[in-house]
Amino acid sequence: MSRRFYAASLAIVFAAPSAFGQAVPIAPRPPEITAAGRGEVTVTPDRAAILLSVESRAPSAAAAASDNASKMAAVFKALRAAGLAQADITTSGYNVGQDPRSMRMAMPSGAPPGLAIPVEFLARNTVRAIVRRLDDTGKVIDAALAAGATSIASVQFSSANTDEARRNALGIAVAQAQRDAEALAKAAGGTLGKLLSMSSSGPGGPMMPYSSDTYVSYGDAGVAGGSAYSTMINPRDMSVFVSVFGRWEFVPGPSR
């Protein structure tokens, strides 16, 4: 009985390769046409974000922080008076520490030579102010500087119509891709079949620089009090662009 079982086992082992060794035919991949398109739409900014700072220096960290808080309160009040809402003024950064530019070498009694000690401490408070009326941008900057702001780091522009512009840009990009795909198919002697896939890429936001051209002009020496003209902000239009990538079936023409 054991010999019969062994013979049957051998038959199964040797028969298996003939059953599984047959290659499954793979259908040839139908020809495709791929094309890319790019759409760009220009939008006009309708709001601005001003990044401004107040810096204070003092012999101690506490004194620098206290002076900074007082100046920032005045700037905050000026921004509110210029028409900004409470929610449109947010803290972007705050730090207090030794001012590295004021370090000096000291030789106190019993101290190791070459010891650097701070002469001043620096407190810096940076806020982001959103101006929802673009024409008020220069006025808001002037108000902040007059109240005690020590620097304007940047002025950035944006538009509430960015999403709509991006959708319009998508339509332009898809139409361009399809026209190119049709031209490719025709040049290859066939026609364009059904769409297989379509994808998009791109930031979907303004791609031109946000930073504005800022001009600050001071009055002539003959002007009483040396009064300054208002800050002039000239925003530029922004471009929203997207790219799309499409795949279509290629339908070959009749054989010649």
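Visitor: How many aromatic pairs does the structure hold?
Guide: This is a predicted model, where local features need pLDDT of at least 70, side-chain atom pairs count only at pLDDT 80 or more, and totals for chains, interfaces and linings use all residues. Residues are numbered from 1 along each chain as its sequence is written, and side-chain values use heavy atoms, without hydrogens and water. Rings of Phe, Tyr and Trp (its six-membered ring) pair if their centres lie within 6.5 Å. The count of aromatic pairs is zero.

Visitor: Over which ring does the charged end of Arg38 sit?
Guide: A charge sits over a ring if NZ of Lys or CZ of Arg is within 6 Å of the ring centre and within 35 degrees of the ring normal. For Arg38 the distance to the centre is 4.4 Å. The ring belongs to Phe241.

Visitor: How many bridges join E8 to E11?
Guide: The two strands run antiparallel. Thr191 stands opposite Val251 in E11. The bridges joining E8 to E11 number nine.

Methods:
Phe/Tyr/Trp six-rings, centres within 6.5 Å; stacked < 30°, edge-to-face > 60°. Pairing = 2+ DSSP bridges. Helix = DSSP H or I, 4+ residues; strand = E, 2+ residues; numbered from the N terminus.
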